[in-house]
Amino acid sequence: MHEVGIAQNILDIAVESALNNKAEIINKIHVKIGRLAAVENDALLFAFDALKEGTIAANALLKIEDIPIKGRCIDCKHEDFYDEMFFSCKKCGSYKVELLTGEELNITEIEVD
């Protein structure tokens, strides 16, 4: 379950950032996670809740924004969303699809007091 490692990294980055900015409490951490990042959101939330105990983020919420898979056909430039990892252009059928979104794993905001 690599979500534990991801949760620990998110927590470490948030705590370090908060302390560097003289914050005493972390209230909320916002993250963007693409569907291709291979992260199980429920497992990440569970791990985060277990790891945050005893830190300045003990009462913090982890807010996850799910980022869909979006691609652009290199041949016809058509952009579309995909539900799975089989990428062929829905307009011209080409397999030359460039990923635009879906691989993100970013902290976007940390709310502190």
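The legends below describe close-up views of a predicted model.

View 1. An unreviewed UniProt entry lists C73, C76, C89 and C92 under "binding site". These residues span 20 residues in sequence, yet no two of their C-alpha atoms are more than 8.5 Å apart, so they gather at one spot.

**View 2. C76 and its contacts.** C76 sits in the loop that runs between β3 (69-73) and β4 (79-82). Leaving aside residues up to four places away in sequence, C76 touches C89, K91 and C92. The relative accessible area of C76 is 27%, so the residue counts as partly exposed, a class that lies between under 20% for buried and over 50% for exposed.

**View 3. C92 and its contacts.** The loop between β4 and β5 (97-101) holds C92. Its contacts, again without residues up to four places away in sequence, are C73, D75 and C76. C92 is partly exposed, with a relative accessible area of 43%.

**View 4. K77, a residue with positive phi.** K77 is in the loop between β3 and β4. K77 is not a glycine, but its phi is positive, at about 70°. With a relative accessible area of 55%, K77 is exposed.

**View 5. A38, a residue with positive phi.** A38 is found in the loop between β1 (26-34) and α2 (41-51). Although A38 is not a glycine, it has a positive phi of about 60°. A38 is exposed, and its relative accessible area is 51%.

How values were computed
Residues are numbered from 1 along each chain as its sequence is written. This is a predicted model: local features need pLDDT of at least 70, side-chain atom pairs count only at pLDDT 80 or more; totals for chains, interfaces and linings use all residues. Side-chain values use heavy atoms; hydrogens and water are left out. UniProt positions are given in the numbering used here, feature names are shortened, and annotations may be inferred rather than shown by experiment. Helices (H or I, at least four residues) and strands (E, at least two) are DSSP runs, numbered from the N terminus. Buried means under 20% relative accessible area, exposed over 50%, partly exposed in between (1.4 Å probe, protein chains only). Contact means heavy atoms within 4.5 Å.
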